[in-house]
Amino acid sequence: MEVTIESVLLGASILLLVSIASSKISSKLGIPALLLFLVVGMLAGSEGPGGFYFDNAQFAQSLGVLALVFILFAGGLDTNWTSVRPVLGMGLALATIGVLISGGLVGIFAVFVLGFSPLAGLLLGAIVSSTDAAAVFAVLRSRGIKLKDGLAPLVELESGSNDPMAVFLTVGLTELIAHSVLISQGATHPPSDDLGSILGDLVGLAPEFVLEMGVGAIVGYLLGRLAVIMINHIRLDYDGLYPVLTTALMLLVYGGAAFLHGNGFLAVYIAGLVIGNSDFVHKRSLTRFHDGFAWLMQVAMFLVLGLLVFPSQIVPVIGTGLIIALFVMFLARPISVFLALAAARLGWREKAFISWVGLRGAVPIILATFPLLAGIPSAATIFNLVFFIVIFSVLLQGTTLGQAARWLNVEASSRSLTTHHYPMEFVPAVGAESRMVEFTVPPGSPVVGRSIMQLGLPRGVLIVLISRGEDSIVPNGATVLREDDKLAVLANEADSAELAARVAR
């Protein structure tokens, strides 16, 4: 059959629709929808019923990088700086020291227990060292699990900031291996594959890493501030051009940071964080646009990664992959978390949950394409191992996160205040100190059976939306509250606390 643009568009639309439909299944099973997107891609591939042959690692990597730019930017836009600031130090410790320890432990384990060469073992450790909190929060939301204060923003911050370290280590080790291969082929002198020598080479890359991170952070902050000024003062004649403007600015941040030898991923996340915590026109609609586009990129990325893998090549590495996956989950990740957070004021329960939250996702698979494209030895084996580790991690950890939160007692009370995303456009004219919070009306609450007009709400408090089962109700003064209603309330911190006490009393 001849491949035409029409057939490609038809196939892509079908895959997207099937992926979206599969997300409903994920909610019931407690499995991240992204894993099902991956499975859909595998089924559509050359060894699945779809029979579509795809073996272009370069395209998959390029799409993955572009997708990560959109995902990290959207994540930054949606991150509340007020909640992140108290956990900033812990998040950065996990994103740097934690990644180094976790990757190093996996590498040493692969070398001394599984017989990998030092370079290949450390490369494998670097690739699987980053986590995917997007998958974590998909599971938490589908199960309705709310974490205690500080835990959710901490995991979110780690996920948004640990990718640069993993990318740097992977690229650095890939270059070391490629260089050693070239030297050996030239027969000038044999390449050093001694573990101590390799670690020395990595330590020598530390100044470069600090420079990349520093330049990325500065570019992200400055261009983020500039973006807010441009969005508020450019006054475009067509509202539809504002998403185009923010997309162009996002790509400018990534490309500008990379051009200046900074880390583009960190720059994009920080720019999103700066923009998202500023006031600008069309804020609600632009945030929703980037959130939707980030989901599109996630679906496309996982579909392509699913197409790229050949299931028959996964089978021979299942045994080794299982050993590594268990080591990562039960030893490397917990040790790295407890060491990175040794000085943090967190109990062992919180640290244990953060350890279990360390799901592996799309980033390790994308990173595994770097050695493939570099043509280094054992690259195919590493790719297949990483793919299996990701699937096993999501299946085991993803389906048990809710139970782990309950066992470790890190689940927030149903009466707690939480931020929420609402399926509507609502941008009232309120003060900068106002925020959207959610209250759940508990059984026996004195507000049950009373209308909103009878509550005597503090001045400046506005109940925007009531979620009742599967229904969303835009309330008025005569709306009567019921048990288990979720109230979306716009108020400042003091009024929120007063209303919380009134609802719970």
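**Legends to the close-up views**

View 1. Glu-158 counts as buried because its relative accessibility is 2%, where buried means under 20% relative accessible area, exposed over 50% and partly exposed in between (1.4 Å probe, protein chains only). This is a predicted model, in which local features need pLDDT of at least 70, side-chain atom pairs count only at pLDDT 80 or more, and totals for chains, interfaces and linings use all residues. Residues are numbered from 1 along each chain as its sequence is written, and side-chain values use heavy atoms, with hydrogens and water left out. The partner of Glu-158 is Arg-333, and the closest N and O atoms of this salt bridge are 2.8 Å apart; the term denotes a side-chain nitrogen of Lys or Arg within 4 Å of a carboxyl oxygen of Asp or Glu. Glu-158 belongs to helix α8 (residues 151-161) and Arg-333 to helix α16, so the pair ties together parts that are 175 residues apart in sequence. Helices (H or I, at least four residues) and strands (E, at least two) are DSSP runs, numbered from the N terminus. Arg-333, with a relative accessibility of 5%, likewise counts as buried.

**View 2. The salt bridge of Asp-485 and Arg-468.** Two salt bridges are found in a search of the whole structure. In the one shown here, the closest N and O atoms of Asp-485 and Arg-468 are 2.7 Å apart. Asp-485 is placed in the loop between β3 (471-473) and β4 (486-491), whereas Arg-468 is in strand β2 (residues 462-468); the pair links distant parts of the chain, 17 residues apart. Both Asp-485 and Arg-468 are buried.

**View 3. A nonpolar patch on the surface.** The patch is formed by Leu-322, Leu-326, Phe-330, Leu-331, Ile-335 and Leu-339, which together have about 520 Å² of accessible area (Shrake-Rupley method, 1.4 Å probe; for residues, only the protein chains shown count as cover). Patch residues have over 30% relative accessible area and no salt bridge; like charges are joined within 9 Å, and nonpolar side chains (Val, Leu, Ile, Met, Phe, Trp, Tyr) within 5 Å. Leu-331 is located in helix α16, which spans residues 318-340. With 43% relative accessibility, Leu-331 counts as partly exposed.

**View 4. Helix α6.** This helix, residues 118-127, is mostly covered, and 10 of its 10 residues are buried. Among these buried residues of α6 are Pro-118, Leu-119, Leu-122, Leu-123 and Ile-127.

**View 5. Ile-231 in helix α11.** Ile-231 lies in helix α11, which covers residues 206-233. A relative accessibility of 1% places Ile-231 among the residues that count as buried. Tyr-242 is 11 residues from Ile-231 along the chain, and the C-alpha atoms of the two are separated by 7.5 Å.

**View 6. Phe-353 in helix α17.** Helix α17 (residues 348-356) contains Phe-353. The relative accessibility of Phe-353 is 0%, and this residue therefore counts as buried. Between the C-alpha atoms of Phe-353 and Asn-409 the separation is 9.4 Å, although the two residues are 56 residues apart along the chain.
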